[in-house]
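Visitor: I would like a close look at one part of this model. Please take it slowly and keep to what can be seen in it.

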Amino acid sequence: MDLYVSDRNLRRAIDDGTVGQRYGTDMAKKIKLRLAVLRAAESLGDFWPPKSGPERCHELKGDRAGTFSVDLKQPYRLLFKPIEPAPPLDRSAERQRWQAITATDIVAIEDTHE
């Protein structure tokens, strides 16, 4: 899957390897691992069904609808959005919607439960 990082400060920290200074060593390892797993995936459909596996990938709800999340170090999550949002489909076609997502924009690392 193609990954982009729209947050300039986060992109800089990832690119120059200072993500550990910003988030700590344990968190940096998780961030690098999750980015590698996302890059290796053909599409978001590789993480189906939602909330499975160590990544626990799922779409957020409410104000953050359309944003996806994968687990980092509790309580933090790596948040990303599809570059080209897949067309909204009924719930019976949710898996196909995930499979259509092949490029994402990393938008933040944060605690989504605050």
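Are D71 and R77 buried or exposed? Please describe the salt bridges from there, and then the core.

Guide: This is a predicted model. Both D71 and R77 are buried. For D71, the relative accessible area is 11%, and the residue counts as buried because the cut-off is under 20%. The side chains of D71 and R77 form a salt bridge, with 3.0 Å from N to O.

D71 has another partner. Its side chain also meets that of R56 in a salt bridge, at 2.8 Å from N to O. This pair joins distant parts of the chain: D71 lies in strand β3, whereas R56 lies in the loop between α3 and β2 (58–59), and 15 residues separate them. R56 has a relative accessibility of 31%, so it counts as partly exposed. Taken together, R56, D71 and R77 are linked in a network of salt bridges.

Another salt bridge connects E110 with R64, where the N to O distance is 2.4 Å. Here too the pair links distant parts of the chain, with E110 in strand β5 and R64 in the loop between β2 and β3, 46 residues apart. E110 has a relative accessibility of 25%, so this residue is classed as partly exposed. R64, at 32%, is therefore also classed as partly exposed. The count of salt bridges in the model comes to six, and those described here are among them.

In soluble globular proteins, nonpolar side chains tend to be buried together. The largest nonpolar core of this model has 25 residues, and the members that touch the most others are L38, L44, F47, C57, L78, F80 and I106. At least two residues of this core come from each of β1 (2–5), α1 (8–15), α3 (25–40), β3 (68–71), β4 (76–82) and β5 (103–111). Helix α3 contributes the most, with five residues.

Leaving aside residues up to four places away in sequence, L38 touches M1, L3, F47, L78, F80 and I106. Of these partners, F47, L78, F80 and I106 are also on the list of core members that touch the most others.

Methods: Residues are numbered from 1 along each chain as its sequence is written. This is a predicted model: local features need pLDDT of at least 70, side-chain atom pairs count only at pLDDT 80 or more; totals for chains, interfaces and linings use all residues. Side-chain values use heavy atoms; hydrogens and water are left out. A nonpolar core is a set of buried Ala, Val, Leu, Ile, Met, Phe, Trp, Tyr and Cys residues joined through side-chain atoms within 4.5 Å. Buried means under 20% relative accessible area, exposed over 50%, partly exposed in between (1.4 Å probe, protein chains only). Helices (H or I, at least four residues) and strands (E, at least two) are DSSP runs, numbered from the N terminus. Contact means heavy atoms within 4.5 Å. A salt bridge is a side-chain nitrogen of Lys or Arg within 4 Å of a carboxyl oxygen of Asp or Glu.
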